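Please read it alongside the sequence and the coordinates shown here.

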Protein chains: 2
Amino acid sequence: MKYNDLKKQIERKKTLLCIGLDTDMDKMPKHLLEKEDPMFEFNKQIIDATHDLAIAYKPNTAFYEALGHKGWLSLEKTAKYLKSRYPDILNIADAKRGDIGNTSAKYAKAFFETMDFDAITINPYLGKDAVSEFLKYENKWVILIGLSSNPSSYDIQLIQEIESRDYIFEKVIRYGKWWGTEQNMMFVVGATMSYKLRQIRHIIPEHFLLIPGVGSQGGNLEDVCKYGLNKNFGLIINASRSIIHADNSENFAKVAREKALGYQTQMAKIIENFNKKGRRRRR
Amino acid sequence: MKYNDLKKQIERKKTLLCIGLDTDMDKMPKHLLEKEDPMFEFNKQIIDATHDLAIAYKPNTAFYEALGHKGWLSLEKTAKYLKSRYPDILNIADAKRGDIGNTSAKYAKAFFETMDFDAITINPYLGKDAVSEFLKYENKWVILIGLSSNPSSYDIQLIQEIESRDYIFEKVIRYGKWWGTEQNMMFVVGATMSYKLRQIRHIIPEHFLLIPGVGSQGGNLEDVCKYGLNKNFGLIINASRSIIHADNSENFAKVAREKALGYQTQMAKIIENFNKKGRRRRR
């Protein structure tokens with residue numbers, strides 16, 4: 001998927017929403033447990049019920065790996081379903097992988113060939129090696145973790161460097177800008193860290209950002225958009241649990257749609273105001 | 001597995017060797033490709049041929065994920081085989097996971113319950129959340145990536161903090177020491193970084209270190225032992241490709257044994273000298 005396709009999708013659907021498929025067997029509606037593959041069945045129904053409200057889906061691999069190879073099969077089926085049924089929608093593997101060169105090549109194969117994901121989240125701790133192999137693929141994306149949404153992101157990400165006085169997360173964003181382009185590199189910035197977005201937009205005015213932490217984690221949508229939007233929108237805003245596990249009855253997909261519609265309605269207003277004010281004045 | 005069991009295993013077998021099961025389908029002996037599960041068959045033969053020379057095995061998840069759910073099944077079978085057949089040997093998932101709390105709990109379930117690994121490598125970039133859920137398990141280990149063996153480890157890990165002037169990898173090791181104990185926490189330090197080991201041993205004299213990068217990556221075994229050994233040995237030294245893919249004929253397991261024996265012989269000498277000199281004098 002290309003940068004412009006993403007922008008056009010946002011314009012058409014009036015949404016910045018990414019739905020996190022953190023599908024949790026412990027929260028699964030009971031009637032699905034009888035199915036052969038409850039996780040895939042759940043995802044399929046969620047996707048079918050919300051696809052017009054979202055520009056991206058993002059399964060987190062942990063939830064699938066907890067079920068072993070059967071969970072991994074559910075993940076494969078989910079990626080394949082998204083790609084074949086809704087090819088315009090960005091499908092992101094939230095895998096947070098990161099390894100040395102020859103091993104990274106195997107991860108790239110796993111997520112971009114064996115499964116046809118458009119994008120993968122990458123942990124920057126191992127440096128450039130963690131991303132290089134992924135950037136060799138055309139029309140695929142690396143989403144580098146800059147500043148995560150959890151409180152303990154402070155431990156490493158908010159350490160300041162001795163020379164530049166940059167925070168580690170800023171170094172990561174500068175590296176990422178240098179390693180890739182705005183056509184193949186995005187960055188994770190937690191919604192709970194929206195006060196850092198202005199500073200981040202100075203470094204990367206053009207790049208897309210993936211923003212987790214709206215919803216259950218308490219990040220504020222208005223603030224994120226105020227400081228994060230750029231002339232091409234440039235934001236993919238994720239909510240997971242607060243949408244997909246809002247209800248665990250037979251109505252789960254309907255309720256998920258209502259929750260997603262809630263986000264999309266807010267986002268459509270923000271986009272409308274943003275268009276009115278004139279995007280050109282903003283960077 | 002407990003700290004003392006690991007120490008006793010080293011004394012008994014006179015080896016510090018961990019064999020990395022980075023089993024690569026592109027380097028698979030041809031005669032195994034006809035088998036139903038070539039990766040597991042390969043691993044089983046490698047393990048059976050080398051188990052008396054190694055204290056640990058370490059499959060890297062990337063190589064399995066490249067094959068999708070079938071690869072994940074091979075990984076599960078490998079972990080199960082190790083646990084049932086050679087329960088004294090440490091089995092490490094080289095997964096380099098790291099995520100926020102509720103997601104980390106799912107990864108912990110995947111590797112410590114769904115599969116019965118003794119240990120998992122963890123990426124510290126997300127801070128304490130990345131390890132907390134794993135540390136709730138008894139007799140299991142977190143192996144935190146301190147300083148990796150690849151050249152681009154410099155990008156983040158060798159940044160100096162403004163206040164303490166510590167390198168990031170030192171901060172990670174100090175955190176890890178604080179988050180866990182020497183009974184449930186180890187650290188990855190690349191063999192190519194052996195000149196940092198003296199400094200690291202000042203911070204964590206007691207903890208075990210997992211040392212990758214001997215072999216194909218060019219780290220020096222003598223140097224690693226000189227600066228890394230502690231009174232309980234405290235080192236697990238990994239070689240992967242240089243053992244398991246040394247030969248791709250029908251003799252692959254025999255050749256792997258010869259290569260492993262080469263490492264074990266060197267290690268036995270080092271351990272013997274170390275015992276002679278009196279471990280007590282060294283910390």
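In chain B, helix H2 (residues 38-50) and helix H12 (residues 252-276) have axes that come within 9 Å and cross at roughly 45°. The model is a predicted one, and every value in this briefing is to be read as computed from it. An angle between 35 and 65 degrees is neither roughly parallel nor roughly perpendicular, and H2(B) and H12(B) are therefore oblique to each other.

**Helix packing within the chains**

- The crossing in which H2(B) passes H12(B) is right-handed, and the residues that make the contact are Gln45(B), Ile46(B), Ala49(B) and Thr50(B) on the H2(B) side, with Ala253(B), Lys254(B), Ala256(B), Arg257(B) and Ala260(B) on the H12(B) side.
- Sorted by class, the residues of this contact of H2(B) with H12(B) comprise five nonpolar, two polar and two charged.
- In chain A, helix H2 (residues 38-50) packs with helix H4 (residues 69-85) at an angle of about 25°, the two axes being 9 Å apart; because angles under 35 degrees count as roughly parallel, H2(A) is roughly parallel to H4(A).
- The crossing of H2(A) and H4(A) is right-handed, and the contact brings Met39(A), Phe40(A), Asn43(A), Lys44(A) and Ile47(A) of H2(A) to Gly71(A), Ser74(A), Lys77(A), Thr78(A), Tyr81(A) and Leu82(A) of H4(A).
- By class, this contact of H2(A) with H4(A) holds five nonpolar, four polar and two charged residues.

**Contact between chain A and chain B**

- Each side is given by its residue count: 48 residues from chain A and 48 residues from chain B take part in the contact.
- On the side of chain B that touches chain A, the elements giving two or more residues are helix H3 (61-65), helix H4 (69-85), helix H5 (101-114), helix H7 (154-157) and helix H8 (168-179) of chain B, and the largest share, seven residues, comes from H5(B).
- The residues of chain B on this side divide by class into 20 nonpolar, 16 polar and 12 charged.
- Helix H4 of one chain also meets helix H4 of the other, in that the axes of H4(A) and H4(B) come within 8 Å and cross at roughly 165°; since angles over 145 degrees count as roughly antiparallel, H4(A) is roughly antiparallel to H4(B).
- H4(A) passes H4(B) in a right-handed crossing, where His69(A), Trp72(A), Leu73(A) and Glu76(A) in H4(A) meet His69(B), Trp72(B), Leu73(B) and Glu76(B) in H4(B).
- The contact of H4(A) with H4(B) has, by class, four nonpolar, two polar and two charged residues.

**Overall form of chain A**

- Chain A contains 12 helices and eight strands, and its radius of gyration of 18 Å is close to the 19 Å that the globule rule gives for 283 residues, so chain A is as compact as a globular protein of that length.
- Along its principal axes, the C-alpha trace of chain A spans about 60 × 50 × 35 Å.
- Of the 283 residues in chain A, 57% are buried, and among the contacts in chain A with a separation of 6 or more, 71% are between residues 24 or more positions apart.

**Individual residues of chain A**

- Thr23(A) sits in the loop between strand S1 (17-21) and H2 of chain A, and it is buried, with 25 other C-beta atoms within 10 Å, where 20 or more are enough for that class.
- Leaving aside residues up to four places away in sequence, Thr23(A) touches Met39(A), Phe42(A), Asn43(A), Phe63(A) and Ile244(A); the C-alpha atoms of Thr23(A) and Phe42(A), which are 19 residues apart along the chain, are separated by 7.9 Å.
- Lys96(A), in strand S3 (residues 90-97) of chain A, has a phi near 45°, which is a positive value in a residue other than glycine, and Lys96(A) is buried, with 27 other C-beta atoms within 10 Å.
- Asn139(A) has a positive phi of about 55° although it is not a glycine, and its place is the loop between helix H6 (129-135) and strand S5 (141-147) of chain A.
- Asn139(A) is exposed, with 12 other C-beta atoms within 10 Å, a class that applies at 12 or fewer.

How values were computed. Residues are numbered from 1 along each chain as its sequence is written. Chains are lettered from A and ligands numbered from 1 in the order in which they are written. This is a predicted model: local features need pLDDT of at least 70, side-chain atom pairs count only at pLDDT 80 or more; totals for chains, interfaces and linings use all residues. Axes are lines fitted to C-alpha atoms, for helices over the stretch in contact, and angles run from 0 to 180 degrees between N-to-C directions. Helices (H or I, at least four residues) and strands (E, at least two) are DSSP runs, numbered from the N terminus. Angles under 35 degrees count as roughly parallel, over 145 as roughly antiparallel, 65 to 115 as roughly perpendicular and the rest as oblique. A crossing is left-handed if the near helix is turned anticlockwise from the far one by less than a right angle, and right-handed if clockwise. Two residues are in contact if their C-beta atoms, placed from the backbone, lie within 7 Å. Ala, Val, Leu, Ile, Met, Phe, Trp, Tyr, Cys and Pro count as nonpolar, Asp, Glu, Lys and Arg as charged, and the others, Gly among them, as polar. The radius of gyration is taken over C-alpha atoms; the globule rule is 2.2 Å times the number of residues to the power 0.38.
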